Each structure stands twice: as C-alpha cells, then as structure tokens.
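Open the model in a viewer and keep the selection panel at hand. The stops below say what to select and what is there.

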Amino acid sequence: MAAETAPVLINHMTIQPNPAISLPSINSPSIINPNDSVVAVGADEIPTIDYLMLFSNDFDERSKALENLGHVCKDFGFFYLVNHGISNGVFEGVFKGISNFFNPEEIEDRKQYEKKSPTDRIRWGLRSSPGENREYLKVIAHPQFHCPSKPAGFSDALEEYFKASREIVKGLGKAVSKGLGFEECYVEKAFKLESGFDMSAMNLYPPNFRSKGSIGVPDHTDPGFFVSLIQDVNGGLQILSNSGQCINVNIPHNAIFINLGDHLEILTNGKYKSHVHRVVVDNNKIQRISVATLHGPSLDALVGPAPEFVDECHPPAYRAMTYKQSIEANGGDEIDVQSSIDQIRL
Ligand SMILES: O=C(O)CCC(=O)C(=O)O
Ligand SMILES: [Fe+2]
C-alpha cells in the first residue's frame with residue numbers, strides 16, 4: 001500500500017504533550033525537520049492535519065495542505081486535527097458535564113433513558129461483560145439537539161461543543177471536496193448536510209480493576225462520513241491501519257481525532273476507507289471519558305458510489321440506499337446506529 005512505501009507529508013506544527021496517562025504506544029517518533037514546512041510520518045503513525053492551513057490565504061500553502069489531506073484520507077483514513085479553534089474550556093465543560101451525568105450515586109435517575117423505542121432521541125446504557133465495558137449516553141445532536149436536562153449546565157456545554165464541531169466538520173467536508181478536485185460543496189451536496197444526521201456517543205470506561213474484561217468497545221467501523229472524537233485522558237482506543245497494524249490512538253492535548261466513516265467509503269467507491277477500531281480497557285489505571293460524534297448524511301440522502309469514482313476498472317462496490325435505510329440494514333436504529341457496510345458491499 002502507498003502508505004507503507006511513501007511517507008505522507010503533513011503540515012508542520014508543534015504538538016503539546018498530553019499530560020494525561022497513556023498506553024505505551026507502538027508509534028515511532030515523527031521525523032521532524034525544523035527547517036521544513038512539512039513532517040513525514042510512517043505507516044504505523046497517525047498524521048496530523050492543521051485545520052487553519054486548509055483555509056490559508058496563501059495559495060501555495062493551502063494547495064499543499066489540501067493535497068496532503070487527500071493523501072492522508074486515502075493512505076490512512078484518520079488523523080489528529082489541530083488548530084480547529086475550539087477552546088480547551090469548551091472541552092473541559094463537556095467532560096465535566098459528562099462526568100457529573102455519570103455520577104455513580106444517581107444511576108437510578110439515568111434509567112429513564114434506557115431503550116424504549118427506535119425513535120428515542122436520548123439513550124443511556126450500561127455494559128459490563130467480557131465483550132463490552134462502558135456506560136454510555138447517546139444523543140441526537142443534529143438536525144435537532146437533544147440532551148438530558150440534568151445536571152445543570154450540561155446541555156449548554158454540549159450544545160456549544162456540537163455547534164462548533166459541526167462547523168469544523170463542514171469545513172473539513174469542503175477541504176476534502178477540494179482535495180478530491182471537486183467544487184467545495186461537493187460533499188455537502190452529496191450528503192445533504194443542511195439536515196445532516198449527527199449522533200453522539202458519550203462513553204465512560206471503567207479503570208481496569210472495575211472492568212469485566214479487556215474490551216471497552218469491540219471491533220467496529222462507524223456509519224456517517226466523519227467521526228470526531230475527543231477524550232479526557234489517553235488510553236484504550238486502537239485503530240487498524242491500511243497496512244494491518246493496530247495503532248494506539250494517543251490524541252495530542254486539545255486535538256480532535258477524525259476517523260473517516262462508512263459513508264465516505266461508499267460515496268468514494270472505496271477510495272477513502274472507514275477503518276476498524278476498538279477500545280481496550282485492561283491497561284487503564286483510571287476511568288476515561290470519550291465523546292464520539294458520528295456526523296452523518298441527511299436521513300433521506302441517497303448514498304451510493306458517486307459517478308466520479310466509478311469506471312471500468314472500478315465498478316460500483318456498494319449498493320445505493322438512503323442513510324436511514326443503511327442505519328436499519330443491520331438491525332440498528334437511529335440512535336443506536338451500527339455499521340451495515342458488510343450488508344451494503346456488493
Ligand atoms: O471511546 C472511544 O475511544 C471510541 C468509541 C467509539 O468508537 C464509538 O463510540 O463509536
Ligand atoms: Fe467507533
């Protein structure tokens with residue numbers, strides 16, 4: 001694969017070390033040339049994309065950044081996003097709200113959000129088994145924002161974060177469109193993003209001495225076109241690279257981890273891939289909180305391989321269906337979305 005042989009060039013930036021605990025990483029250090037404007041990374045590392053560079057007023061700088069984004073999407077399918085403009089205070093407000101929501105003494109209160117119907121807009125669950133160890137709260141974030149009314153301040157903090165992250169993801173959609181050589185609203189139009197369907201999973205993983213096994217979330221890919229992920233501490237998220245290596249995701253402080261979802265894979269007829277990932281908890285000395293937001297097309301958007309990605313050598317590899325149909329193809333519902341890419345693949 002290209003990533004094994006050719007290092008990808010990414011924008012040069014300074015990464016703040018995350019003071020939080022982290023799993024020992026198999027990643028080797030980036031090769032940084034301080035005199036150059038680019039950084040090269042190997043296939044077993046996670047590239048960094050500088051959001052500001054994608055919109056730089058300097059034509060050359062912007063062109064190079066967009067080209068790099070295209071390489072990163074194709075050769076990796078995931079990256080750390082820095083300079084996105086969301087302040088640390090917004091992240092902290094979200095983590096504080098989630099931590100208060102998961103107050104162990106108020107577990108009875110949360111049971112009002114246990115599964116009732118496929119049209120639930122807020123859902124809570126607790127999994128404690130060898131195959132899955134986490135407590136989660138899922139909410140629909142867009143087109144309408146939903147959130148439990150308690151604890152105080154939680155809803156406001158979440159809404160602020162979702163609004164900001166949605167703008168960033170829309171910007172990334174523009175950059176990806178341009179990186180592919182299309183008009184900047186290509187992705188936005190294909191997925192009808194004005195009414196894009198965003199679902200956010202807020203996860204609390206127990207420390208290892210309280211878990212029933214080593215798995216927080218088993219292997220999966222996510223529906224949607226981008227998944228944005230933030231966390232309070234590093235530890236446990238692993239992703240399978242194009243070259244088949246399992247990479248520990250150690251997110252730099254204040255960065256957002258972006259993972260391409262199933263529907264970008266479908267739209268690009270497999271050019272950009274959605275990658276299998278999982279969470280392991282057996283090394284976690286302390287609990288961890290993550291917020292994984294699945295940014296999806298509109299529920300009624302028909303998504304299939306776009307004509308631009310289909311030719312004699314690349315026949316359609318996926319069936320076209322609406323986002324809603326694809327969410328339901330594997331028995332999932334709108335809030336408990338499960339990947340159905342195996343059902344959709346031809
Ligand atoms: O918590 C994490 O790090 C990942 C969670 C995840 O993959 C998901 O909720 O889809
Ligand atoms: Fe996921």
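Predicted model: local features only at pLDDT ≥ 70, side-chain atom pairs only at ≥ 80, totals over all residues.

Residues are numbered from 1 along each chain as its sequence is written, while chains are lettered from A and ligands numbered from 1 in the order in which they are written.

**Helix H3**

Select residues 59-75, which form helix H3. Helices (H or I, at least four residues) and strands (E, at least two) are DSSP runs, numbered from the N terminus. H3 has 17 residues and reaches 24 Å from its first C-alpha to its last, close to the 24 Å expected at 1.5 Å a residue; the expected span is 1.5 Å times one less than the number of residues.

Which residues of H3 are buried? They are Ala-65, Leu-66, Asn-68, Leu-69, Val-72, Cys-73, Lys-74 and Asp-75. Buried means that 20 or more other C-beta atoms lie within 10 Å of the residue's own, exposed that 12 or fewer do, and partly exposed in between, with C-beta atoms placed from the backbone. Just after H3, select Gly-77, where phi is positive at about 90 degrees.

**Ligand 1**

Next, select ligand 1 and the residues surrounding it: Ala-201, Asn-203, Val-217, Asp-222, Leu-229, Leu-237, His-277, Val-279, Ser-290 and Ala-292. The criterion is a C-beta atom, placed from the backbone, within 6 Å. At least two shell residues come from each of strands S8 (196-205), S14 (277-280) and S15 (288-298).

Select S14 together with S9 (residues 215-220): the two pair in the antiparallel sense over 3 bridges, where pairing takes at least two DSSP bridges. Val-217 has Val-279 of S14 as its bridge partner.

Ile-239 stands opposite His-277 in S14. S11 is also joined by 3 bridges to antiparallel S12 (residues 246-248), with Leu-240 opposite Cys-246. S11 and S12 form a hairpin with 5 residues between them, and Gly-244 in the turn has a positive phi of about 85 degrees.

**Residues 196-297**

Finally, select residues 196-297, which an unreviewed UniProt entry annotates as "domain: Fe2OG dioxygenase". The end C-alpha atoms of this span lie 5 Å apart, and the span is 6% helix and 47% strand.

Note on methods
UniProt positions renumbered as here; feature names shortened; annotations may be inferred.
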